[in-house]
Amino acid sequence: MKRVYPDKEYCIGCHLCEVACITAHSKSKDVIIAFREEQGKDGLTACKKVFEKGDICVAISCRHCDEPSCVAACISGGLHKDPETGRTVYDREKCVGCWSCLMACPYGAIKRHPTENKIVKCDLCEGREGGPACVAACPNQALKYEER
């Protein structure tokens, strides 16, 4: 299965992956409208997070693990592993906001939704042509969408 892999050696901390993620998941698909109008009002937030410490930075998002601990920790069935695609899939309707998945994820890739009792998790831009928006937007190719 193809996954997004970060490379801290090439990440420059520009946060364009976060911008691309927010835009890809917005209603408008327009970067200005997504940030000025949709982000605050609709609780729109990036699935990806750039962590920085000194000169080192890396973009983190769901790794869609082979045996995801977040799925094992989920008490409501809001997270499950799709046997056909291999993706770790989030079902908002089933999520009860217990945050067990946040605590179970070894990568810190799942976040709390800023305005709802839900989570925010990478879906690999499902349905988007050309793969995840974060990978396409990275100017330094610090994100790779590949099978390893």
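In counting charged side chains, Lys and Arg are taken as positive and Asp and Glu as negative, while His and the chain ends are left out. On this basis, the chain of this predicted model carries 22 positive and 21 negative side chains. The centres of the two sets lie 3 Å apart.

The confidence of the prediction was examined next. The pLDDT of the chain averages 92, and 97% of the residues score at least 70. Among the elements, the lowest mean pLDDT, 79, belongs to helix H2 (residues 31-42). The highest, 98, belongs to helix H3 (residues 69-73).

The secondary structure of the chain consists of five helices and eight strands. Read from the N terminus, these elements follow the order β-α-α-β-β-α-β-β-α-β-β-α-β. A box of roughly 40 × 40 × 35 Å, taken along the principal axes, is filled by the C-alpha atoms of the chain. The radius of gyration of the chain is 15 Å, which agrees with the value near 15 Å that a compact globule of 148 residues would have.

Of the 148 residues, 39% are buried. The accessible surface amounts to about 8600 Å², and carbon and sulfur atoms contribute 50% of this area. Among contacts with a separation of 6 or more, 55% are made by residues 24 or more positions apart.

His64 is located in the loop between strand S3 (56-60) and H3. The phi of His64 is near 50°, a positive value in a residue other than glycine. His64 counts as buried because its relative accessibility is 0%, and buried means under 20%. Gln141 likewise is not a glycine and has a positive phi, of about 55°. This residue belongs to the loop between helix H5 (133-137) and strand S8 (143-146). With a relative accessible area of 56%, Gln141 is exposed, since the limit for that class is over 50%.

Lys29 occupies the loop between helix H1 (16-24) and H2. Its relative accessibility of 52% places Lys29 among the exposed residues. When neighbours within four places in sequence are set aside, Lys29 is in contact with Thr23 and Ala24. Gln39 is part of helix H2 itself. At 26% relative accessibility, Gln39 counts as partly exposed, because that value falls between the 20% and 50% limits. Residues up to four places away in sequence not being counted, Gln39 touches Ile22, Ala34 and Leu44. Thr23, which is in contact with Lys29, is also 16 residues from Gln39 in sequence, and the C-alpha atoms of Gln39 and Thr23 are 9.3 Å apart in space.

Along the chain, Gly97 and Pro132 are 35 residues apart, and their C-alpha atoms are separated by 26 Å.

Note on methods. Residues are numbered from 1 along each chain as its sequence is written. This is a predicted model: local features need pLDDT of at least 70, side-chain atom pairs count only at pLDDT 80 or more; totals for chains, interfaces and linings use all residues. Side-chain values use heavy atoms; hydrogens and water are left out. Helices (H or I, at least four residues) and strands (E, at least two) are DSSP runs, numbered from the N terminus. The radius of gyration is taken over C-alpha atoms; the globule rule is 2.2 Å times the number of residues to the power 0.38. Buried means under 20% relative accessible area, exposed over 50%, partly exposed in between (1.4 Å probe, protein chains only). Contact means heavy atoms within 4.5 Å. Accessible areas come from the Shrake-Rupley method with a 1.4 Å probe; for residues, only the protein chains shown count as cover. The place of a charge is taken as NZ of Lys, CZ of Arg, CG of Asp or CD of Glu. pLDDT is the predictor's confidence in each residue, from 0 to 100.
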